[in-house]
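Hi everyone, thanks for coming. Let me put the structure up on the screen, and then we can walk through it together.

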Amino acid sequence: CAPKRPPRHDTMLLVLIAHNGKSYELEANAETKVIKVQTALENLTSVPLDQQILTLEGTKLDRDKTFGDYGVGEEKLAEGVKVFFYNKHLLHPASLPPKPEVLPKLKITFPEAEQYQPLHYPFQQSAVSALRNLPKYERQFCFHLARSKAHIEASTEYLRICERLLAEQEVQALAIDSAQENVESIFSYIFNMYEKFRSRFIEQIDNHETLLDGFMGELEKMERTETHEVVQASGIKSLIDLVPKDNLCKWHAQCSTMHAQFKPKAKELSSLFESVKCDVEALFMTVPSVDITKLSERLQTTRDLLLEMTSISEVLEKDWLLSKDQLARALDQNQHQTQTFLGECGALQSMNEVHMNSHIPRIEELFNKLERFTKHCIDCKNAMSRCVHS
């Protein structure tokens with residue numbers, strides 16, 4: 001009997017998209033290959049496999065490896081694993097900037113007063129104005145309530161947009177931090193290797209120049225240095241006869257040429273390093289142009305605006321239900337002539353004045369504030385996207 005394989009523990013892998021701030025939760029485990037996740041992301045983002053860069057804790061993921069190969073075991077999976085997604089095409093300096101967000105057109109219809117004309121009732125011919133105006137106030141109150149609810153519905157949608165935009169900017173800020181950490185690690189390695197090369201180059205270039213510059217003098221010294229008389233009897237008159245002079249001169253010429261060619265190459269490398277260094281420093285100086293903490297605080301204040309709108313709408317609903325009840329009671333011939341009832345009907349006029357002078361303008365003011373904040377969130381998101389792109 002074959003041994004049972006241990007059960008696989010799937011988890012929700014959180015993939016954070018750098019260029020637009022969106023995030024996707026995908027099922028994965030230690031045995032899941034990276035290419036499987038990339039294929040799913042290709043369907044979700046329309047970014048081809050060869051243009052995807054996935055990083056985990058600063059390490060670029062190889063599509064042919066599993067997440068277990070990167071030390072992602074059951075513990076990490078249980079805690080949740082964040083993978084950053086970068087679009088290689090958008091990282092190119094010549095790539096076009098992202099398409100800006102725009103304020104969406106809401107599919108919400110705001111009622112008009114013409115839709116709430118009062119119906120005809122017998123008591124509208126009454127000499128008592130409070131009774132005569134009762135149908136008008138009931139329709140106006142119904143209109144006020146309907147319009148407030150439309151404003152609340154639109155404001156709720158705007159609030160959802162703001163929350164989405166803030167969440168996407170938080171993802172983009174995390175992606176910037178992750179990219180900077182990765183660049184810092186790579187640049188630190190480049191910097192150390194360059195410093196070692198530069199130190200060795202300066203030492204060796206001086207030695208080589210001294211050697212090359214003194215070659216002819218050394219050659220002449222060898223020509224002047226006579227050998228022992230016994231050696232001279234064999235035809236070797238000076239030290240120069242012991243070495244291949246022509247080859248030495250040829251090798252000297254070759255070394256001088258290579259030396260002359262290598263110095264400009266080293267200078268080019270130095271210039272290239274300085275350029276990379278400036279780019280890296282500029283990257284580290286680049287911080288998100290959006291204060292996400294402040295934006296989050298403003299979002300909370302905006303939620304309070306919606307709560308105030310809801311409270312006002314509840315008052316409007318209460319007033320409308322009261323006027324509706326009074327309208328029903330007015331149809332009762334035994335009720336509508338009592339002084340108490342007429343006094344209650346007369347109070348509708350002052351209630352309507354409160355609606356027109358306070359409640360309705362306040363709801364519209366709050367709605368306009370929320371709409372302006374939504375536009376501000378869109379501007380912030382576009383600024384953050386440009387920051388990621390740059």
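Is Cys255 buried, partly exposed or exposed? Cys255 is partly exposed, because its relative accessible area is 37%, where buried means under 20%, exposed over 50% and partly exposed in between, with a 1.4 Å probe and protein chains only.

A word on what you are looking at. This is a predicted model, where local features need pLDDT of at least 70 and side-chain atom pairs count only at pLDDT 80 or more, while totals for chains, interfaces and linings use all residues. Residues are numbered from 1 along each chain as its sequence is written, and side-chain values use heavy atoms, leaving out hydrogens and water.

Back to the cysteines. Searching the whole structure turns up zero disulfides, a disulfide being a pair of cysteine sulfur atoms within 2.5 Å. For Cys255, the nearest cysteine sulfur is that of Cys249, 12 Å away. Cys387 has its closest cysteine sulfur in Cys380, at 12 Å, which is too far for a bond. Cys387 counts as buried, with 12% relative accessibility.

Now, the whole protein. There are 10 helices and five strands; these are DSSP runs, H or I of at least four residues for helices and E of at least two for strands, numbered from the N terminus. The radius of gyration is 41 Å, well over the 21 Å that the globule rule gives for 390 residues, so the protein is more spread out than a compact globule. That radius is taken over C-alpha atoms, and the rule is 2.2 Å times the number of residues to the power 0.38. Along the principal axes, the C-alpha atoms fill a box of roughly 155 × 65 × 30 Å. Of the 390 residues, 34% count as buried.
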